[in-house]
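The sequence and structure come next.

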Amino acid sequence: MSRIQLPYIDHFKDRHGTVRYYFRRPGGKRSPLPGPPGSEAFMEAYRIAEADKAVPAACKERGEPGTFDRLLASYFESVDFQALKAPTKRAYRLAMERLIRLETLGHRRVADLRREHVKRITAKRVDRPSAANDALKKLRILIKFAIDLGWRRDDPTLHIKKLKEGEHHTWTDEEIAGFEARWPLGSQQRTAFALLLYTGQRVSDVARMSWRDVNAAGQEISVTQEKTGTKLWLTLHTDLLVALSHWPIAHLAILTTAYDKPFTAKGLGNKMADAIAAAGLPEVCVTHGLRKAAARRLAEAGCTAHEIASVTGHRSLAEVERYTKQANQRRLSQAANTKLSARAVPTRIERVGKSDEISK
């Protein structure tokens, strides 16, 4: 018996093993279809569902003209927003939506935002400098977009200074050794740690690494950074090769969860946070600090900013300098003192002995 072919029909098997059928147009509601396909009850329900061609009412456009709600909707549809990388788009959308909601700006007119309002928004976050600076950054983006739309002519966020932020702690060699002492070669924690430290990549990029990314010689790995889209070929450090040699090739992804699925960035971050805590390391030791430690080690080895950026993928050399400032200062201080010592004039010390006579 040939199978009945009708449009807009889908099916699934419920927990009891019974196949359930339903009618659904793209974007429409789901309508259950009783009985087996072709039965009287099935066909009657299908005819009713198929005849109901009413389409959902058009969604009301978000917000009134000139409001922040309308500005958000326009920005998310703009070329500026669509040109961003997927992770950046997700982060911007979440941050902007949250900011507008927390500050109850959605129904307010963009043209009414004044400098004192912006300062008040940042002042609320003075105990969280990074949050204050991010709020200011997102407001500036939205206001600039509003100016491009002709909604206002000035920018009330101009000349409002960012707050000074703390920096992620750069792991010391002692802390690195402490982690390695707790997690032996062959453990997932040690393998993830080695990938983070010896490639200098973000958690999001390490989570997506696969054996397919390793070249045929097994000496390099290809990385396309999720945040920036930067493409890198990284030479695998000897210690990383040792760590990988103790890790089985069981899946395409190098690191997988207990369910044999690749880690998400958040999942791997949580895994590493637990491992760091279990190693008894201080709270300042966070996963991102391993990226800074990688840059520090390269700087201490005498690598230039360009050489370090070829590993970390930073596009701004100023950012590399910020990562390696302490290491460069120490190295330059040592070099300066070595040069100074080389220029020193030997001093002859003469002693006056008891046999010396003092003329009277």
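Which residue in β3 stands opposite Tyr 22? Tyr 22 stands opposite Pro 32. The model is predicted, so local features are given at pLDDT of at least 70 and side-chain atom pairs at pLDDT 80 or more, while totals for chains, interfaces and linings use all residues. Residues are numbered from 1 along each chain as its sequence is written, and side-chain values use heavy atoms, with hydrogens and water left out.

**Sheet**

Helices (H or I, at least four residues) and strands (E, at least two) are DSSP runs, numbered from the N terminus. Two strands count as paired if DSSP finds at least two bridges between them. Three strands form an open sheet in the order β1-β2-β3, with antiparallel pairing. At the edges stand β1 (9-13) and β3 (31-33), each with a single partner strand, so one side of each has no neighbour in the sheet. From one strand to the next the twist averages 40 degrees; axes are lines fitted to C-alpha atoms, for helices over the stretch in contact, and angles run from 0 to 180 degrees between N-to-C directions.

| Strand pair | Bridges | Direction |
|---|---|---|
| β1 and β2 | five bridges | antiparallel |
| β2 (residues 19-23) and β3 | three bridges | antiparallel |

Ile 9 stands opposite Phe 23 in β2, and Lys 13 stands opposite Val 19 in β2. The hairpin of β1 and β2 has five residues between the strands, and Gly 17 in the turn has a positive phi of about 90 degrees.

**Helix pair**

Helix α13 (residues 305-312) packs with α12 at an angle of about 145 degrees, their axes 10 Å apart. Contact (heavy atoms within 4.5 Å) is made by Arg 291, Ala 295, Leu 298 and Ala 299 of α12 and by Ile 308, Val 311 and Thr 312 of α13.

**Largest pocket**

A pocket is an open set of points on a 1 Å grid over the protein atoms alone, where a 1.4 Å probe fits, with protein on both sides within 12 Å along at least five of seven lines; lining residues have an atom within 4 Å of a point. The largest one has a volume of about 1,500 Å³, a volume being the space filled by probe spheres set on the points, which are joined across faces, edges and corners. Its lining has 32 residues, and Asp 134, Lys 137, Arg 202, Lys 227 and His 288 lie nearest the centre. Elements that give two or more residues to this lining are α4 (86-102), α6 (129-149), α9 (203-207), α12 (288-300) and α14 (317-343). With six residues, α4 gives the most.
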